[in-house]
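Please keep the sequence and the model open while reading.

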Amino acid sequence: MSKSLPVVQPGRAGQTPIFEKIGIVGLGLMGGSLALAAREVWPSSLVVGVDEKDVLERGMVRGAIDVGADDLVVIAEADLVVLAAPVAENVRLLHMLDEYVPGEAVVTDLGGTKREMVAAARALPTRFTFVGGHPLAGAARSGIDAARSDLFKGRPWLFTPSGTVHGGAIERLFAFASGVGSVPKLLDPDVHDRLVAFLSHLPQLSASALMRVVGDAVGEEGLQLSGRGLADTTRLASSPARIWRDICATNADHIGEALDLLIADLKALRADLTTGDALERIFESATDWKAKIP
């Protein structure tokens, strides 16, 4: 299902930069964490951020970026461009790079779905080398204030090239991802989108729906009686909807399949509450699979 290139050991502060000028468009949790990690591991690299002015100010205070602006012109000399906005915005930004980045650059993104980005990147001028990317890392809170330099340590970073990628771009991106502590892997874009529909998108939608149902049913006073089980199960329910609208829209087929399978199991449980046969079957299978999670 996936292929791996040789993994570089996690970076040490002060090592030779893989990219001299890193432009990160979007300084939320993911982009901000990457900026912090890059400045920590490669302090001689120039890290340039693009976002709204108040976000840039907080990023500067935290030491995440060297330079920042709310205009793409600031990344004109970047040799690595990282698109770290929501998926639909990343697609829009991709089409703007030709106007703002006159030289050669490696381009990647951090979005949760890959097929639409990979398809859009085919229209880029040949001076750009695009490799889709998706670090499987996150947190319950979002935004630059939640960013941290160790967010990617020990986590998979999936790269989804399409066609021939020249100039050693994949090797450089593998070294970059490994340098901030992640474990890079290669994956086909469609395989990626189906995999994360089950590993990431279904858990998010399930947690949010569960929290809404429980909250509407018991209210704030009832929630004061809840225990760790509900808190652990709904940890993802604080995620912002604006990011997930794009993810669902660009992965509707695979997410739909995942939801259908979950709904089928819920219906089986609903129809079998008094005898417990379906419950026993589902619980036993769940216990077996849970034990296999690293």
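Buried means under 20% relative accessible area, exposed means over 50%, and partly exposed lies in between (1.4 Å probe, protein chains only). Strands (E, at least two residues) and helices (H or I, at least four) are DSSP runs numbered from the N terminus.

S8 pairs with strand S9 (residues 156–160) in the antiparallel sense, over four bridges; pairing requires that DSSP finds at least two bridges between the strands. Gly-132 stands opposite Thr-160 in S9.

## Basis of the model

The model is predicted: local features need pLDDT of at least 70 and side-chain atom pairs count only at pLDDT 80 or more, whereas totals for chains, interfaces and linings use all residues. Residues are numbered from 1 along each chain as its sequence is written, and side-chain values use heavy atoms, with hydrogens and water left out.

Helix H3 (residues 87–94) has Val-87, Asn-90, Val-91, Leu-93 and Leu-94 as its buried residues. They are on the same side of H3 because they cover an arc of only 165° around the axis, taken from the directions from the helix axis to the C-beta atoms.

Thr-113 is in the loop between strand S6 (105–109) and helix H5 (115–121). Thr-113 counts as buried, at 1% relative accessibility. Leaving aside residues up to four places away in sequence, Thr-113 touches Val-87, His-192, Asp-193, His-201, Ile-247, Thr-250 and Asn-251; contact means heavy atoms within 4.5 Å. The side chains of Thr-113 and Thr-250 are also joined by a polar contact of 2.6 Å (a pair of N or O atoms within 3.5 Å; within protein, one must be able to donate a hydrogen and the other to accept it, and residues adjacent in sequence count only if both atoms are side-chain atoms).

## The whole chain

The protein chain contains 11 helices and 10 strands. Of its 294 residues, 41% count as buried. Among contacts with a separation of 6 or more, 73% are between residues 24 or more positions apart. The C-alpha trace spans about 65 × 40 × 35 Å along its principal axes.

Ser-285 lies in helix H11 (residues 277–290) and is partly exposed, with a relative accessible area of 34%.
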